[in-house]
Amino acid sequence: MKIPFKYTFRNFKTRKLTAVITVTGIALVVFVFTAALMMAYGVEKTLVATGSPDNVMILRKSSQGEITSIIDGDIQNVVRTLPHIAKSPEGNLLISPEPVVIINLEIKKGGMSNITVRGVSQMVYQLRPQVKIVSGRLFNPSLRELIVGKSINKKFDGTNIGDKIKFAGDNWTIVGIFEANGSGFESEFWGDYQQLLSAFNRSTAVSTLTLKLDDVKNFDKFKRAFDSDRRLL
């Protein structure tokens, strides 16, 4: 038997609170689900912009990310002997050893936040050509100098050219601002990797190795060589 529409409407009026709670609950579920999808899309877009199809990032096995990864000098030397690593016009392997650390900075609107400081070699600009200096200059490898991603420059105090950031017991001078096609690198500081290793007393141990393949089609061959080398177990 069909329920008259008038009865349904009258029932809605008498149970107004229950109906409002139900509708509100459904709306909140839809909102949260939509927000989660938007966030996932944003993260995916950022990660895609950060990477490159012919680049390979190497971390220590079982590490949860760059911060917990440690690759010592001996392992780095073994990786350099593997096949299918691209070379620069000068004949140098396109590999960037990168120590990664976290520091705290004050947000312009108040509060503190963790910020990534990445040590890079001069090879990094051939590995990540999307990185461009938009103001100032590159850091001097022999000095405690940094370049800052434009996202950090907009959101954090004391991140303009000429400002000094203190960490690891020393002052680091900001000498440039860079952009990187909207990738996650724009939320980092970059400095010379050897300066960073020295500041944190890490000898030759870096967090990651980023290298460029001589051909993206050779990834499987490179991976097999990596997995089969007992020195890397």
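User: Where does Ser121 lie?

Analyst: Happy to start there: Ser121 is in the loop that joins β4 (112-120) to α4 (124-127), with helices (H or I, at least four residues) and strands (E, at least two) taken as DSSP runs numbered from the N terminus. This is a predicted model, where local features need pLDDT of at least 70, side-chain atom pairs count only at pLDDT 80 or more, and totals for chains, interfaces and linings use all residues. Residues are numbered from 1 along each chain as its sequence is written, and side-chain values use heavy atoms, leaving out hydrogens and water.

User: Why does Ser121 count as buried?

Analyst: Buried means under 20% relative accessible area, exposed over 50%, and partly exposed in between (1.4 Å probe, protein chains only). Ser121 has 9% relative accessibility, so the residue counts as buried.

User: Which residues does Ser121 touch?

Analyst: Leaving aside residues up to four places away in sequence, Ser121 touches Ile95, Ser96, Pro97 and Tyr193; contact means heavy atoms within 4.5 Å.

User: What puts the buried residues of α7 on the same side?

Analyst: In α7 (residues 219-228), the buried residues are Phe222, Ala225 and Phe226. They cover an arc of only 100° around the axis, so they sit on the same side of α7; the arc is that of the directions from the helix axis to the C-beta atoms. Arg224 and Ser228 are exposed on the face turned away from that buried side.

User: And what do the buried residues of α7 pack against?

Analyst: Their partners are β1 (55-58), α3 (73-79) and β10 (208-212).
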